[in-house]
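This report examines how the parts of a protein model are arranged. Please study the sequence and the structure shown here before reading on.

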Amino acid sequence: MSAFLARNRLIVLAYAGMVVLLLVTALFSPGFLSVSNMRSTVVLAAFVGIVALGQTLVIIGGGIDLSVPWVLNSAAIVMALLCGGQDMPLLWVMPLLLAGGGLIGLVNGIGVAHFGVPPIIMTLATNVILQGLILVLTGGSPTPSAPALIQFLSVGRIAGFPVIALIWIALTAAATLLLSKAAFGRHLYALGTSATVAEFSGVPTARTTILTYVISGLTAAFAGMLLTGYSGQAYLGMGDAYLFTSIAAVAIGGASILGGSGHYLGTVAGAMVLTILTGLLPALNLSSGALLVVYGAVILITVSIGSETFAGLGTRMRRG
Amino acid sequence: MSIAERPVEDKMSKPGSDWRGRLLDRAPFLVACLMLALIVGIYGSLQSGVFSLDELNLDTAAAMTLMLAATGQTIVLLRGGIDLSIGGMISLGTVIAATRFTDDPATVALWVLVILGLGLVIGALNGLLISLLKLQPFLVTLATWSILNGAAMMILPTDGGSVPGWWVGFASAQLLGLTSPVWMLLALLVFWAWFRATRVGIAIQATGSNEKSAFLSGVSITRVNVVTYGLSGLFAAGAALYLTTQTGAGSPTIGKDYILPSVAAAVIGGVSLFGGRGHLAGTLIGAFVLTLIGNLVFVMHVSSYWQPVASGVILLLSVLASSVAEKAARGRVQ
């Protein structure tokens, strides 16, 4: 148990931070811990969490995915256009758009792994290209409303549990298995720690890199469709906030932006922390500007705790 | 392939063959020049009066905000870092200007100094945090971007405010037929010619090519980081002030439109994301390329929504070109 704590110090800290934040919020707004409020907090966190799943894998591998906003937005818009408010088309539209998201990820991954394009530039380029194509496609006009089935997935409940929370739990379990038990996970940590060493140790580095971007494309597209269900319609710009929050959730969850460390379980706590903060500020009567200031401060504090300087300080204190 | 190996390689190779190495070294910059020539050529064939001083004045005025932001970003990229916080600084600068400027030139001068000072200090703080806490520039500047953007929203929640009329007139002021943005462009080039040869300029580039050997040669990495990010903040503040002459108002959200384009302009101009390699002239050409794509889309009578598609494709093409050139250069050394 203590070995687990030592190895996953930052993840444990992220959860501790989450609990403290919950208690503090409850102090300022007594209704915060109510079942209905916790339910809506988890639902909102799930969107961040699902987008951040792919982002976590990409970052552990030493990359970054800036194409998340418009992969998400494209999936949302195209789903609404193809379904036209009907349920039946979803049966083929959903797999099609998941494949589309995966395809964008494939392009990102091939550019990074085979052509040596820096991830920031590669994913930035696919992001603006998608943005332009969607704007050309829609002409900037609004799209039809979301089909009822997708609304059920994002706001519906099964036995009192939000469906999306169940989806999130299932995805968390899958990601944990992938990172902790599968060969892919071992390859990914090796790749993120040192691409050269991994390459010479026989890790399929190119395939592993590409797979992280494909998964990121998949999760972003999936989140886009669910988010359309949540807001009732798709609109331009709905993905913009998720670039910042997906990276912030990974950073707060204890992953190093240099790659090689971190876990999706930490990102889950990071997504919760960001969402609880959103709920805390209205209780304190603070503006959305103040929320951004708090977001920035929280990121600075958490990454400082994870930095070498502080880790060294901790070791010295334990020894001394 | 390190820069130190190059002269040895050149001496060893047959005389007359080193021009190829030098050409490959400058390939990304030459590709950017070619791209700009091509865009100007197409633009000129579709629209009359493109090859005139008026057009130069107009396009430079449109590109100057990006150029100022990208100048700071270029210094950071040469150091091997990245600065996302310039988005927050630009927003903050415009809202302070739009809420504090009055008709009185003395008041304006005071606030101009405050805004520039703020940019310098906040940028230096970024550099200090990166050095002292051994943090990644991406995360530190992502956090400070959020903080600065939040501060801007607290000062002015929505677009608005105003700046005096004479301030807005700055960009159309002329000297010898050239408007002030064109003179600023020349000033940037002069600044660069001077700065890259100064002690600190050399230290920044050396640290960007190889941090360890720069440190071992006695360069203070902390000082390099403070100066690098301080300058980036200063140029972002300058971009904010210039932007208010174009918009005449403040906006708490406008800065984010310059974060990634500033990186893109530098990369299109041949500045390496891995540090140490690149030139401000390339970045300025990259900024012109990104700005002129907008004009081109306009005169071609297609939807303006094609503009981001075109800039994305150009960004990819130029980065692929430089990666091919880099591979070829590496192959020659080996």
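Is A:V19 buried or exposed? A:V19 is exposed, since 11 other C-beta atoms lie within 10 Å. In these terms, a residue is buried if 20 or more other C-beta atoms lie within 10 Å of its own, exposed if 12 or fewer, and partly exposed in between, with C-beta atoms placed from the backbone.

## Basis of the model

This is a predicted model, in which local features need pLDDT of at least 70 and side-chain atom pairs count only at pLDDT 80 or more, while totals for chains, interfaces and linings use all residues. Residues are numbered from 1 along each chain as its sequence is written, and chains are lettered from A and ligands numbered from 1 in the order in which they are written.

## Selected residues

A:V19 belongs to helix 2 (residues 9-28) of chain A. Helices (H or I, at least four residues) are DSSP runs, numbered from the N terminus. Although A:V19 and A:V273 are 254 residues apart along the chain, their C-alpha atoms are separated by 8.9 Å.

In chain B, B:V108 is located in helix 5 and is partly exposed, with 19 other C-beta atoms within 10 Å. Leaving aside neighbours within four places in sequence, B:V108 is in contact (C-beta atoms, placed from the backbone, within 7 Å) with B:F101, B:P164 and B:W167. B:L280, found in helix 13 (residues 280-299) of chain B, is buried, with 23 other C-beta atoms within 10 Å. With the same exclusion of neighbours within four places, B:L280 is in contact with B:T71, B:T74, B:L188 and B:W192.

B:K134 lies in the loop between helix 5 (105-132) and helix 6 (137-155) of chain B. The phi angle of B:K134 is near 50°, a positive value in a residue other than glycine. B:K134 counts as partly exposed, with 14 C-beta neighbours inside 10 Å.

In helix 7 (residues 148-155) of chain A, the residues A:I150, A:L153 and A:S154 are buried. They are on the same side of helix 7 of chain A because they cover an arc of only 90° around the axis; the arc is that of the directions from the helix axis to the C-beta atoms. The cover over these buried residues includes helix 5 (90-115), helix 8 (163-180) and helix 11 (205-231) of chain A.

Two packed helices are described by the angle between their axes and the distance between the axes. The axes of helix 3 (residues 35-60) and helix 8 of chain A come within 9 Å and cross at roughly 30°. Here axes are lines fitted to C-alpha atoms, for helices over the stretch in contact, and angles run from 0 to 180 degrees between N-to-C directions. By class, the contact of helix 3 with helix 8 of chain A has 10 nonpolar, 1 polar and no charged residues. Ala, Val, Leu, Ile, Met, Phe, Trp, Tyr, Cys and Pro count as nonpolar, Asp, Glu, Lys and Arg as charged, and the others, Gly among them, as polar.

## Where the chains meet

The contact between the chains takes 37 residues from chain A and 36 residues from chain B. On the side of chain A that touches chain B, helix 14 of chain A gives the largest share, 13 residues. That side has 26 nonpolar, 10 polar and 1 charged residues.

Methods:
Contact = placed C-beta atoms within 7 Å. Helix = DSSP H or I, 4+ residues; strand = E, 2+ residues; numbered from the N terminus.
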